[in-house]
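Subject: Structure handover

Hello,

Here is the structure I said I would pass on.

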Amino acid sequence: MQKTEHFFYVQDNQIKFSSNLPMEKIEKIFVHYEKGKQFYTAEDFHVHVLPSQNGMLFCLMPIQQYTDLDIFNPLSIKLLNSISDGITISDKHGKIIFQNDIDIEIVGINCVNRYAKDLIAEGAMSDSLTLKVLKSKEDVTIFQSFLNNKCFLVTGKPIFDEAGELQYVLIITRDMSRLKSLEEEVKKLEIQNEKFKQKIRELNELERKKVNIIATSPVMQNVLKRMLRVAEVDSTVLVNQVSEKRKQQS
């Protein structure tokens, strides 16, 4: 069905020109406008306010003709499909209005335009986080399984409108097997990091021992040099040399 849009212009708080809506209806819609507000809802219309050469342009779309997919543009959909987690968005009635490609792969079916309660009844999912969030109006996280029997960590977040009313529910689904793999990678990096730290401690200790040997006078420097040369000679050779000298003296 083709959508019918209405509009009117306001300049200096005076309605200058309008489409075929009754002036009484337009005045009621304009009363709800607040300066600086770009979107609002009044008298069964979604209102989008834009600045124009003729004043402020008020674009009206009847709520009953408005589909939730109108809030998504091609760029938004492309960005949501690029996320590695499953993403679904439901309206305040529990109807799924968006599901990204990853979530379709996780769940095993396309749930767009389906109601969460129906999916549970059909056995497509073990529980509905959407319904839990709609009821509590708070963030909720659960473990959930789908048709593939894999376990997922699912987080639901309520999205409120400017009046504080719950408007949408955002669901983020993460594959626990993928999280487990990432956890193992982190543990490997932690072990490797500990080895590096131990090596650094050993090098620092070796350097500290070297620094502790300090000689400022020429005599002490010569003594240290002789000590270092002796330390480099095999001890067995030194013992043999001393024994040979004693024999010669006797």
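Predicted model: local features only at pLDDT ≥ 70, side-chain atom pairs only at ≥ 80, totals over all residues.

The chain has 250 residues, and 28% of them count as buried. Its secondary structure comes to 8 helices and 10 strands. The accessible surface is about 17,800 Å², with 54% of that belonging to carbon and sulfur atoms. If contacts between residues at least 6 apart in sequence are taken, 34% of them join residues at least 24 apart.

On empty space: rolling a probe the size of a water molecule over the atoms shows where it is left. The count here is 1 cavity of 30 Å³ or more, and the volume of the largest cavity is about 160 Å³. Its lining is made up of 17 residues, and Thr88, Met125, Thr130, Phe146 and Ile171 lie nearest the centre. Two or more lining residues come from each of strand E6 (86-91), helix H3 (101-107), helix H5 (129-136) and strand E10 (166-175). Sorted by class, the lining has 9 nonpolar, 6 polar and 2 charged residues.

On the strands: in a regular strand the side chains alternate between the two faces of the sheet. Strand E3 (residues 39-42) has Tyr40 and Ala42 on a covered face, while Phe39 and Thr41 are on an uncovered one. E3 runs antiparallel to strand E4 (residues 45-52), and 4 bridges join the two. Thr41 stands opposite His46 in E4. The two strands E3 and E4 form a hairpin with 2 residues between them, and Glu43 in the turn has a positive phi of about 50 degrees.

Regards

Technical notes. Residues numbered from 1 in each chain as written. Heavy atoms only, no water. 1 Å grid on protein atoms, 1.4 Å probe; cavity = no way out; pocket = protein on both sides within 12 Å on 5 of 7 lines; lining within 4 Å. Points joined across faces, edges and corners; volume = space filled by probe spheres on them. Nonpolar A, V, L, I, M, F, W, Y, C, P; charged D, E, K, R; others polar. Buried < 20%, exposed > 50% of the residue type's maximum accessible area, 1.4 Å probe, protein only. Contact = heavy atoms within 4.5 Å. Areas by Shrake-Rupley, 256 points an atom, 1.4 Å probe, with all protein chains shown as cover. Pairing = 2+ DSSP bridges.
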